[in-house]
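My plan was to look up a few parts, one by one.

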Amino acid sequence: MVPRFWRKIKYRYDLKGSYCENCGNYHYPPRNFCPVCRRRGRVKEVELPDEGRVLSYTIIREGEPCIVALIELDNGIRIISQLSCDPSEVEIGIRVRKAFRRYGEDGEEGIINYGTKFVPAN
Amino acid sequence: MRRVAVVGVGCSKFGELWERGFRDIVLEAGAEALADAELEGREIEAMYVGNMSGGRYLGQEHIAALIADYSGLAEFGIPATRVEAADASGGLAVRQAYMAVASGLHEIVIAAGAEKVTDVGDPMEILSASVDMEWEGFVGGNLPALYAIIARMHMESFGTTEEDLAMVSVKNHRNGVKNPKAQFRREIKVDDVLRSPYVAEPLKLLDCASISDGAAAVILASEDVAREITDTPVYIEACTQASDYIALHSRKDILTMKAVVKAARDAYKLARIEAKDIQVAEVHDSFTIAEILAYEDLGFSEKGNGAELIREGVTEIGGDLPVNPSGGLKACGHAVGATGVRQIVELTLQLRGDAEKRQVDAERGLALSIGGTGATAVVSILGR
Amino acid sequence: MVKEEVCMTGILSYGSYIPKFRIRVEEIARVWGEDAEKIKSGLGVYEKSVPGIDEDAATIAVEAAREAISRSKIDPSEIGAVFVGSESHPYAVKPTATIVGEAIGAGNEYFSADLEFACKAGSAGMQICYAMVKSGMIKYGLAIGADTSQARPGDALEYAAAAGGAAFIIGNNPIAEIEATYSYTSDTPDFWRRDLQPYPSHGGRFTGLPAYFRHVISAAKGLMERHDFKPEDFDYAVFHMPNAKFPVRAAKMLGFSSEQINPGLVVKAIGNTYSGSSLLGLCATLDIAEPDDRILLVSFGSGAGSDAFAIRVTDKIESYPREPAVWDKIERKVYVDYAIYLKHRRKIKA
């Protein structure tokens, strides 16, 4: 599991996507091949906005409640991520911003997985 | 391309089959299909097996060869191929077999689907590997969570309610009572669903199909051969497949399964029919919301109006368009790789008039098999 | 034509992070059958910050660093050094600093290490960055003090051991010049944690005079004597805050007034954030400081040592974005009870 987590660590720790200069589409996670333009695509890596809004969400009820949401960032790109807040704070449409948080660990002896979550803005 | 017919079907009991192993249930389904087709076995020229994750559910790879061996077909050295598209693996196995016969490569081919989920590993965790594990799975987006996100958005956008979703489960349980192969053969009430604990809000335990053991098999033959060996061939008028972006965040509209829309459109075109010509359907209700989406994406209703069909009883066994007369994944149990084949078994029985207490009046039926959250869809249209 | 001072080195930007959860002294005292009023009057601490279940020293360090970077508007790839001081590094072996470097986009060309010197590891990082910038080794250095402080349940430490952190970008043309720094260090085992032990041990009252006061006073006096400062030359002073009593007493002993130390006395409301403690006090003081104000910062790390700094605020602070202020962050809070606190601290597991 370590190499797979490590390989994309840059994109887990911060919000980055790709932008195709040919078609003007953004993609998350970053792609090195534009799925719209294929060979004609001219893809470059871009920073994504820190904030967005919740389009939909769920609260997983297995042990500690875990909020997983579909978030639309301010440039229109969408991302499935976790919300780090109390379930009572969530509703469709709330504004959220990125936060750096722990996702989990590979057991007590394994590595700790960090990544981007979202918290209610303000 | 030649016409292809289903000439024999078989299905094991679905459920928690503690006393029977993977090989046992596959043989049960295969033997039943051979008996149904009145074949000896040596007539089978090739085998396709739908199996999502023998490696993780059983710790056993090389599933197709194993089945060829235990069904006595290794004796003839027939080609045996495992196909995988998560929980659309079964639908895909049928399609591979269909293509092998339609192309003229083979005359008689068996398509099987099998999964034994109670031996090794956590069934939902393994099934959830059908999502984008690096970007959805990593953040906790397992299969129930992603369907729940779709469900909440459907409720928000179209006014679908938790009661509507519950009614799908209630209908399928009611149908399952009449299916001797189903895992759950008891009726439930809307309140039972609503009172069951949340798995991933707004989806509750009774909105989710249980992941179960099971196997199913269908024998396909070319039209000419079919006419020789059976009086009741059921023809595959179309068998199409389509794909979509695997992760929800890559889709422009998560309330439409584009793969389903495309596979259905292609299938209707091939069969030279329209959605309204379908008289019975077996769809992939791994979660109740998935059946509502299926109504819409298959063209049984307008987008957003899927819940009306369940509210008005249209999809009940006695309705205008019965959906999941078998009990669906919800009541039969979702035996992952077997499910797509089981749907073809059910449609064949229905179109032949062999569905006993759950018999509907239909000459043409549709089966929809979905992988994960819809990145793979297989649509089959059968007619008698 | 006025020649610009080009070699002025100091704090270019700062950022802070305080987890939103709080537990009151009353709640901890309730569990252990102690007298909350007595503890509050003894420590001068009323509540403390508690990390979320998905927070640790690394996440706190990243959040503080990101605020410092966004306020400064510098290109993170120009940061040439990242040092993270903590006594609660998430790994025993594997740096927190690389997690921070990766998360802020520092690239790969930076000097880096984790530092540990009880509660003064963060200020030690500031000294290292200051020296590296002064020497021309790097353009910008990032020094962070962040902790999710450990305390044995039921121990007196538990009433104050808190979570939080602060990050400083050190460079030239700063908002606050580091005019001088001086350290006073000795081998004094007043507080320690042996390898593989979950909680620190301490010498009780021994942590006072021979440890905290000896080092804090000596460092402050040493700095002032060497650089000709008197207490009245400083507009503000920040002393490490294991509780609210020690810094107040140290200020009095040195001849500082309560007006000078009150803006940075965050311990009352959030507890002792260990490596983040005096640095959060400095952030809170910088939040209200004006050009030419001078701030005395004296950290203390058990073991033991104190780093003293004379910091003079420059004109640049006028155009520097300081919102949200530390005291505003302190006010944004959600109270938890002792059971939730234990869960957040991962002392109980599902």
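**Before starting.** I noted that this is a predicted model.

**Entry: helix α1 of chain B.** I looked up residues 22-37 of chain B, which form helix α1. The helix has 16 residues. I found 23 Å from its first C-alpha to its last, close to the 22 Å expected at 1.5 Å a residue.

Next I asked which residues of α1(B) are buried. Among them are Phe22(B), Ile25(B), Val26(B) and Leu27(B).

I then stepped past the end of the helix. Glu38(B) follows α1(B), and its phi is positive, near 55°.

**Entry: where chain A meets chain B.** I looked up how many residues each chain brings. Chain A gives 20 residues to the contact and chain B gives 22 residues. On the chain A side, β4 (51-60), β5 (66-73) and β6 (78-83) each give two or more residues. Which of these elements gives the most? It is β4(A), with six residues. I sorted the chain A side by residue kind: 13 nonpolar, four polar and three charged.

**Entry: helix α5 of chain C.** I checked the span of α5, residues 121-135 of chain C. Its 15 residues should span 21 Å at 1.5 Å a residue, and the end C-alpha atoms are 21 Å apart, so the two agree. This helix is mostly covered, with eleven of its 15 residues buried. The buried ones include Met126(C), Cys129(C), Tyr130(C), Met132(C) and Val133(C). After α5(C) comes Gly136(C), with a positive phi near 85°.

**Entry: the sheet of chain C.** I traced an open sheet of nine strands with mixed pairing. The order reads β5-β4-β6-β7-β1-β8-β13-β12-β11. Why do β5 (111-115) and β11 (236-239) of chain C each have one side without a neighbour in the sheet? They stand at the edges, and each has a single partner strand. The twist averages 20° from one strand to the next.

I followed one pair more carefully. β12 (294-298) and β13 (303-313) of chain C pair in the antiparallel sense over five bridges. Leu297(C) stands opposite Phe309(C) in β13(C).

Last, I looked for a helix on this sheet. Helix α3 (57-72) of chain C packs there, touching β1 (9-17), β4 (79-85), β6 (140-148) and β7 (163-172) of chain C. The direction of α3(C) makes about 125° with that of β1(C).

Methods:
Residues are numbered from 1 along each chain as its sequence is written. Chains are lettered from A and ligands numbered from 1 in the order in which they are written. This is a predicted model: local features need pLDDT of at least 70, side-chain atom pairs count only at pLDDT 80 or more; totals for chains, interfaces and linings use all residues. Helices (H or I, at least four residues) and strands (E, at least two) are DSSP runs, numbered from the N terminus. The expected span of a helix is 1.5 Å times one less than its number of residues. A residue is buried if 20 or more other C-beta atoms lie within 10 Å of its own, exposed if 12 or fewer, and partly exposed in between; C-beta atoms are placed from the backbone. Two residues are in contact if their C-beta atoms, placed from the backbone, lie within 7 Å. Ala, Val, Leu, Ile, Met, Phe, Trp, Tyr, Cys and Pro count as nonpolar, Asp, Glu, Lys and Arg as charged, and the others, Gly among them, as polar. Two strands pair if DSSP finds at least two bridges between them. Axes are lines fitted to C-alpha atoms, for helices over the stretch in contact, and angles run from 0 to 180 degrees between N-to-C directions.
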